[in-house]
Amino acid sequence: MAIAYGCICTTLWKSTKKAADLRGMGKTGENSAKVDQSRRSDEVQARVKIIRMLVIVVLVFAMCWGPLLIFEAVFAFPVKHFRGFVLTRESFRLLAFLNSALNPIIYGFSSRQFRESFKKLCCCTCARLRRKEMEVSSSNQTPTYSMSQPGTTESVKKQHIS
């Protein structure tokens with residue numbers, strides 16, 4: 001995984017540098033040089049921020065999955081198991097699964113766009129739920145359901161909980 005993320009960082013660094021060089025071609029004048037330099041510094045800051053986030057993701061991955069992988073590698077050979085073997089193994093497995101829960105948090109702290117998109121998603125979901133609640137509470141009719149029990153033909157009204 002570290003190798004894959006290393007390749008991603010290298011490709012990202014090179015591709016953004018090439019794009020900046022291509023944009024700089026054909027521009028002349030003092031103003032275009034200032035704008036171009038400002039744009040390049042913004043791009044460098046963005047690249048550094050993304051690479052920092054990728055390094056954090058790799059480190060968290062190593063910290064979450066490393067103990068389980070080492071534990072499994074050591075006990076793959078015929079070794080005497082210790083008293084808390086099962087508890088330790090299950091704890092390391094939970095730690096490995098925690099990695100999946102930590103990734104969105106890392107992305108949230110690292111990317112303003114991710115936070116904004118997540119807020120939009122939550123707001124849309126909440127608004128949709130509120131709309132459904134309002135539709136249910138605004139309906140004046142209480143639905144009636146009949147119970148089919150042997151020997152009875154009672155009807156029961158469904159109560160809406162507010």
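Phenylalanine 75 counts as buried because its relative accessibility is 18% (buried is under 20% relative accessible area, exposed over 50%, partly exposed in between, with a 1.4 Å probe and protein chains only). Phenylalanine 85, at 12%, is buried too. This is a predicted model, where local features need pLDDT of at least 70 and side-chain atom pairs count only at pLDDT 80 or more, while totals for chains, interfaces and linings use all residues. Residues are numbered from 1 along each chain as its sequence is written, and side-chain values use heavy atoms, leaving out hydrogens and water.

## Aromatic pairs

The whole structure holds 10 aromatic pairs (rings of Phe, Tyr and Trp, the last by its six-membered ring, with centres within 6.5 Å; planes under 30 degrees apart are stacked, over 60 edge-to-face, the rest tilted). One of them joins phenylalanine 71 and phenylalanine 82 edge-to-face, at 6.4 Å centre to centre and 90° between the planes. Phenylalanine 71 is in helix α2 and phenylalanine 82 in the loop between α2 and α3 (85-110), so their pair ties together parts 11 residues apart in sequence (helices are DSSP runs of H or I, at least four residues, numbered from the N terminus). Phenylalanine 71 is buried at 6% relative accessibility, whereas phenylalanine 82 is partly exposed at 38%.

Phenylalanine 75 and phenylalanine 85 also pair edge-to-face, with 5.1 Å between centres and 75° between planes. Ring pairs link Phe71, Phe75, Phe82, Phe85 and Phe92 into a cluster.

Definitions and conventions: Helices (H or I, at least four residues) and strands (E, at least two) are DSSP runs, numbered from the N terminus.
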